[in-house]
Structure formats: structure tokens, C-alpha cells
Amino acid sequence: PVNWTNWTSNTAGTIGGVNVTYSGELSGLSGVNFPSWTPVATWQDGSIINNAPPASGRMVQLVGSIGSLVQINTITFSTPVSNPVFAIWSLGQINIPARFDFIGATPTFVAGGASAEFAGVPITVLGNSVLGSEGNGSVVFNGTFSSLSWTNPLFENYYGFTVGINAGTSVIPVPAAAWLFGSGLLGM
């Protein structure tokens, strides 16, 4: 199963013992128990992702770029994680496409389909981009990451995401010596 972020604000949350911070566009945080993340088959494939995000975990809401202002959005993990997953809800509208353009990370499609709230279709992955016109679904990023960055270059009011990591195998421990050297507590 995947441990999904429990968002306490639109800039911070936790995944088990891993702190998650978000910086970039600050549109909002969904209400408790919205969206429902159902039907669950839209976000899980039973192999890479065995469980949809819980509605109680909330999601970060985005609207994308307004005019020529394109912000870089970044999720940062307090410790490196392997193979993080993104669940994306209501990306774009039927005639108003929206997208995530990831920087230096390639998403792989996991699952997609309609949402209970607005129906829709599966998200589409093309290179480093996830596209949608009322698109819903999940992607995985294969590899080890301390952060993930992207832009949302198209305006659409509104869509959202949450991030998760595989339970039990995704946290990469940082050796104590590396932490001490990196923190400046030990001189060279």
C-alpha cells in the first residue's frame, strides 16, 4: 500500500515519519473529506498503488499560470524517498486543458479514469508532462528523490494533487555521518 500525505496546510504535511513541504502557487487546500478519491480504481492499479488517497488527507489545490506568470512548484521530502507517486484530481475541464510539466523527473502512468465528483477521463502522460481535460489518475516517479518540481503553465480553476510513498520501502535513510557533515556540525 501507499502512505499518502496528510496535508495540514497547503504548504506542509506528513507521510508517516516523512515531512513534506510544498512551495509555489498557493491556491488553497481542499476541505476535509473532499475530494472523495473515488472510485478507487481511478487512482490505484493494485500493483504499484494498492490504495487510493484517503479523503481525510486533503489535497493541494492549483489553478495554474495566470497570464505570463509561470511559477515553479516544488514538493520537498525531509529525507529522500524512492518511487514517489502523485494522485491528480480534476486536471482541466472538458474544453479547457491543463497540465503538469515536471522538471528533471519523468512520470509513468499508473491508473486513471472518472472521479465521483466530476466524472472525466484518465490523465495522459507525454514525456515529462501530465495532461488532462477533466483528467484524473496517478503517476509514479521511478528513482530516488529529495524533491520534485514542475510548472502548471495553463490556467484552469481548479484542480489538485497529493503525493505518496510506498509503505515500508520508500524512505532512504541518511547516514548520521552525512547528516553531521551536511549540517556543518563537523568541520572538514
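Predicted model: local features only at pLDDT ≥ 70, side-chain atom pairs only at ≥ 80, totals over all residues.

Reader: Why is the link between D101 and R99 called a salt bridge?

Author: The closest N and O atoms of D101 and R99 are 2.9 Å apart. The cut-off is 4 Å between such atoms, so the pair qualifies. The structure holds 1 salt bridge.

Reader: How do you know whether D101 is buried or exposed?

Author: D101 has 16% relative accessibility, and buried means under 20%, so D101 counts as buried.

Reader: What makes the rings of W7 and F161 an aromatic pair, and which kind is it?

Author: Among the 19 aromatic pairs, W7 and F161 have a centre-to-centre distance of 6.2 Å. That is within 6.5 Å, so they pair; their planes are 80° apart, over 60, so the pair is edge-to-face. W7 is in strand β2 and F161 in strand β16, so the pair ties together parts 154 residues apart in sequence.

Reader: Why is the pair F102 and F141 edge-to-face?

Author: Its planes are at 65°, which is over 60, so that name applies. The ring centres are 4.7 Å apart. F102, at 5% relative accessible area, is buried, and F141, at 0%, is buried.

Reader: Why is P122 called partly exposed?

Author: P122 has a relative accessible area of 40%.

Note on methods
Residues numbered from 1 in each chain as written. Heavy atoms only, no water. Buried < 20%, exposed > 50% of the residue type's maximum accessible area, 1.4 Å probe, protein only. Salt bridge = Lys/Arg side-chain N within 4 Å of Asp/Glu carboxyl O. Phe/Tyr/Trp six-rings, centres within 6.5 Å; stacked < 30°, edge-to-face > 60°. Helix = DSSP H or I, 4+ residues; strand = E, 2+ residues; numbered from the N terminus.
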